Amino acid sequence: AARPWSLWASVGRLSQRGWLVVVPLLVGVAVPFVIPLLDFEYIEGLQTLLPRGDPLTETFLEVQDHFGVSQIFPNTIVVLPPNPGDVTSRGWLNASCHAMKFMASNVTEVMRAHGREAGDASLQNFAMKASDFSGLMIQGGICTSLLISLLENPLAKKYGDFLVNGFSNEDRTATKVRVKTTLDPFSTVGQKWIAAVRDAMAASEVWVSDPSFPGDTTVLGEMHLTGMAQEQMDGAADTFASLPRVIGATLLIVMAVLGSAFRSAVVPLRAVLCLSWMLLVTFGLGVLVYQHGVLQSLGIRPFLTSPDPPAHHAMYWMTPCIAFSILVGLGLDYDVFFMESVVEHFDAGYSSREAVVEALRHTGTIICVAGVIMFLAFGSLLIGASPMINQLAFHLCVGVLIDCFVTTKVIIPCAMAMLDLLPGNANFWPRKPPPALTEPTVEPLPPLRRLGSLRNSLSDNARRSAMSPHGVRSMQSPA
């Protein structure tokens, strides 16, 4: 009987026939999305999480504008001197004060160099002053070592202890220094400032008072720059540093599970390659939209870039990390559902090409409907006002649509058509179709001759029973 016409079966058949054209076209389509990924940047901060236009967000921004980001999210340098009594030592305080001044000069030079490289006029005029540090050793840009030593006098000890305890811990083994900045430490420029401060701190842990006398040195101890911005920056840096290992481990586990399920070494490799195409296109498009602002002119809120200044637009750092895990799960879910039908038809005796077409005939519409349902579920997040939620929803919606309407309908049929050119059943190697089924064996009916003999035997027994005395009495009516 003729099979009913199917749109997805027809698309799969056409993709297999034209794979020589479709495969280069797919590679060409991916290139414009891969190139922006090489320029990927991310941001941290609280503003990307807050809803746009909300009164709470507007209040937060007003407070930030009037008092500065450093007042809301303070930056603190924690200094751990080598000896507990160093925090009140005049020599150590004087050396650490001069180190702070050196750090301000060093950071200024580094940030101005970044401004010249980026062509940013505001950074080219950036200046970090000694008065930006406020600690036990420096106040208003002035060293306080003499003042602290005077406060050690018994007459002023109460005031001295009050001042020292305000910047040191109870054991006086650590002291803190507040650091002000006009930059937003959560922005990409702020991240460069944090890196410059940390580099300057590392160069100042051993302070040389006079370069002409290298022996005249003071060990300031360990210095650490802390704050909410630094915590997010370090967390994001550690996450992205480990991301290649996470991706590699995820794909290896996926290949092991698929290889075990389909008893094939080729099916997992093909699945990972098709999944990678979808991920590259999805995240590349995300960079174009939220970092380069290709849809900014539309004025549609979910597609607007981050709230940072135009020169520093970037994606929120958690967005790609969360989206990657969800897209891998969804992409493989649709792939496995489709390939299960392909393998079922292959085991039934279809060729790999026809198995793909028949699988699309049976599962194409179901996969599309499932994808549309997920698109609507994720699309509801685009209505939200939080930029981070919008970015996440955008990636999930794009990835689901690509996987349901492109990967399973075009990319997988093309990939299997290419592999079908290799000898044997390369698409499922080393899996082999089961042996052909044989007709079931049925016991033959007894011959008619034997049935006739059996009938005659039964008739003779009945006749003898009727002629016996017992048989005759049994035929009479009861008295």
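Visitor: Before we start, what do buried, exposed and partly exposed mean here?
Guide: Buried means under 20% relative accessible area, exposed means over 50%, and partly exposed is in between. Keep in mind that this is a predicted model.

Visitor: Okay, how many disulfides does the structure hold?
Guide: It holds 1 disulfide. Cys-97 is joined to Cys-143, with an S to S distance of 1.9 Å.

Visitor: Where do those two cysteines lie?
Guide: Cys-97 is in helix 5 (residues 90-118) and Cys-143 is in strand 5 (residues 142-143), so the pair ties together parts 46 residues apart in sequence.

Visitor: And is Cys-143 buried, exposed or partly exposed?
Guide: Cys-143 has a relative accessible area of 22%, so it is partly exposed. Cys-97, at 0% relative accessibility, counts as buried.

Visitor: New topic. At what angle do helix 9 and helix 10 cross?
Guide: Roughly 95°, and their axes come within 11 Å. The two helices are therefore roughly perpendicular to each other.

Visitor: Which residues meet there?
Guide: From helix 9, Gln-191, Trp-193, Ile-194 and Arg-198 meet Ala-229, Gln-230, Met-233 and Asp-234 of helix 10. By class, that contact has 4 nonpolar, 2 polar and 2 charged residues.

Visitor: Last one: where does Asn-427 lie?
Guide: In the loop between helix 14 (387-419) and helix 15 (448-467). Asn-427 counts as buried at 4% relative accessibility, and its side chain reaches the backbone oxygen of Met-416 at 2.9 Å.

Technical notes:
Residues are numbered from 1 along each chain as its sequence is written. This is a predicted model: local features need pLDDT of at least 70, side-chain atom pairs count only at pLDDT 80 or more; totals for chains, interfaces and linings use all residues. Side-chain values use heavy atoms; hydrogens and water are left out. Axes are lines fitted to C-alpha atoms, for helices over the stretch in contact, and angles run from 0 to 180 degrees between N-to-C directions. Helices (H or I, at least four residues) and strands (E, at least two) are DSSP runs, numbered from the N terminus. Angles under 35 degrees count as roughly parallel, over 145 as roughly antiparallel, 65 to 115 as roughly perpendicular and the rest as oblique. Contact means heavy atoms within 4.5 Å. Ala, Val, Leu, Ile, Met, Phe, Trp, Tyr, Cys and Pro count as nonpolar, Asp, Glu, Lys and Arg as charged, and the others, Gly among them, as polar. Buried means under 20% relative accessible area, exposed over 50%, partly exposed in between (1.4 Å probe, protein chains only). A polar contact is a pair of N or O atoms within 3.5 Å; within protein, one must be able to donate a hydrogen and the other to accept it, and residues adjacent in sequence count only if both atoms are side-chain atoms. A disulfide is a pair of cysteine sulfur atoms within 2.5 Å.
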